[in-house]
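Here is a short report on one protein model and its ligand.

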Amino acid sequence: MAPPIIAAEALTKDYHLGPHTVHALRGVSVTIERGEFVAVMGPSGSGKSTFMNLLGGLDTPSAGRYVLDGEDVAGLGSDRLARIRNAKIGFVFQQFNLLPRTSALENVELPLLYAGLSARERRARARERLASVGLADREDHHPSQLSGGQQQRVAIARALVNDPAVILADEPTGNLDTRTSVELLALLQRLNRSGLTIVLVTHEPDIAAYAGRVLTFRDGRLRADERAPVPRDAETALASLPEEALA
Ligand SMILES: Nc1ncnc2c1ncn2[C@@H]1O[C@H](COP(=O)(O)OP(=O)(O)OP(=O)(O)O)[C@@H](O)[C@H]1O
Ligand SMILES: [Mg+2]
C-alpha cells in the first residue's frame, strides 16, 4: 500500500518572543491519505495556520515527526525542504498572493522558473493550467483587472502548475462572497475527484461541509476528527443558489 501522503506525529510548535513562549501547536498527530479532502476548523489562534505551515514545509516543528509522501521532512535542511515543497505542495492563501503588475499567465508560470523547463514549455504548461480553471480568456489581465474569484482561480492554477500531490489552502474563500466561494469549492472538488489531496482551512461550517473530513483544532490541539460519508456537492449547491447571492 502507498504510504499516507501526510503523517504527522506529535507535531509541536513553540514560538519564542523575548521571555515568552507561545505554544502554537501542542502535539498534533494525524494521518491524511492520498485523495482526501480535509477541512481544518477551529477558533482564531487555535493553531490552524501553524499546522498548515508545518505541513507545507514553510516552517519547521519544534518537536515531533512529519513524513510527507514517505519522506521524513522534520530534519531536512532548508534547501532540500524547499525542493520537496516545490515538487509536492501547492499553496493557496486568503489574500491570493499574486504579483500585482504581472499578468495572470506570468503569475501561473512563476513556480516553473525553478523546474528546469524551457520558456516555451513553461508558457504552454501555464496556459493549460489557466485554461483548466476556466481563465483561458484572461491570460493577459493583471490581478487588479480580475474579480476576487478569478484571482483565486489564478492562484489555484499557479498552485497546480508543478503537478503537486497536495493543495494546502488557508482560508481560500475568506475574501469571497457566497456564490464565488461555492464556485471555488466546485473547482476544488473536481480537482479532488481527479486524485488531488486537499487540506483547506475555514472558519465556516458551511464551507467545511464540502469536505469529506473535518479536523477541529482548539488551543493548539486536535480536538475532533470527523468524517462526512456524503459531503455536500458544490455543483448541486450552485444550481440552487441565486445568481447574485449576497455574502
Ligand atoms: N510567527 C509567530 N510568532 C509568534 N507567535 C505566533 C506566530 N505565528 C502564530 N503565533 C501564535 O500561535 C498561535 C496560533 O496561531 P495560528 O496563526 O496558527 O492560528 P490560526 O488558528 O491560524 O488563527 P486564525 O483563525 O486567526 O488565522 C497564536 O496564539 C498566534 O498568536
Ligand atoms: Mg490562520
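## Phe93

Phe93 counts as partly exposed because its relative accessibility is 26%. Partly exposed lies between buried, under 20% relative accessible area, and exposed, over 50% (1.4 Å probe, protein chains only). Phe93 sits in strand β6, residues 89-93. Strands (E, at least two residues) and helices (H or I, at least four) are DSSP runs, numbered from the N terminus.

Phe93 touches Leu58, Gln152, Asp170 and Pro172, leaving aside residues up to four places away in sequence. Contact here means heavy atoms within 4.5 Å. Phe93 and Gln150 are 57 residues apart in sequence, and their C-alpha atoms are 14 Å apart in space.

## Basis of the model

This is a predicted model, where local features need pLDDT of at least 70 and side-chain atom pairs count only at pLDDT 80 or more, while totals for chains, interfaces and linings use all residues. Residues are numbered from 1 along each chain as its sequence is written, chains are lettered from A and ligands numbered from 1 in the order in which they are written, and side-chain values use heavy atoms, with hydrogens and water left out.

## Nonpolar cores

In soluble globular proteins, nonpolar side chains tend to be buried together. A nonpolar core is a set of buried Ala, Val, Leu, Ile, Met, Phe, Trp, Tyr and Cys residues joined through side-chain atoms within 4.5 Å. The largest one has 43 residues. Leu130, Val154, Ile156, Ile167, Leu185, Leu188 and Leu200 touch the most other members. Helix α6 (residues 178-193) gives this core its largest share, 7 residues. A second, separate core holds 28 residues, among them Val38, Val40, Leu68 and Phe217.

Which residues does Val154 touch, not counting those up to four places away in sequence? They are Leu98, Ala104, Asn107, Val108, Leu130, Leu135 and Leu146.

## Ligand 1

The shell around ligand 1 has 13 residues, and Ser44, Gly45, Lys48, Ser49 and Thr50 come nearest. A residue is near a molecule if one of its heavy atoms lies within 4 Å of it. β1 (6-17), β2 (20-32) and α1 (48-55) each supply at least two shell residues. α1 gives the most, with 3.

Oxygen atoms of ligand 1 make polar contacts, pairs of N or O atoms within 3.5 Å. A polar side-chain atom of Thr50 lies 2.6 Å from a ligand oxygen. For Ser49, the side-chain distance is 2.9 Å. Gly47 uses a polar backbone atom, at 3.1 Å. The protein covers 62% of the 640 Å² of accessible area that ligand 1 has on its own, by the Shrake-Rupley method with a 1.4 Å probe.

Technical notes: A polar contact is a pair of N or O atoms within 3.5 Å; within protein, one must be able to donate a hydrogen and the other to accept it, and residues adjacent in sequence count only if both atoms are side-chain atoms.
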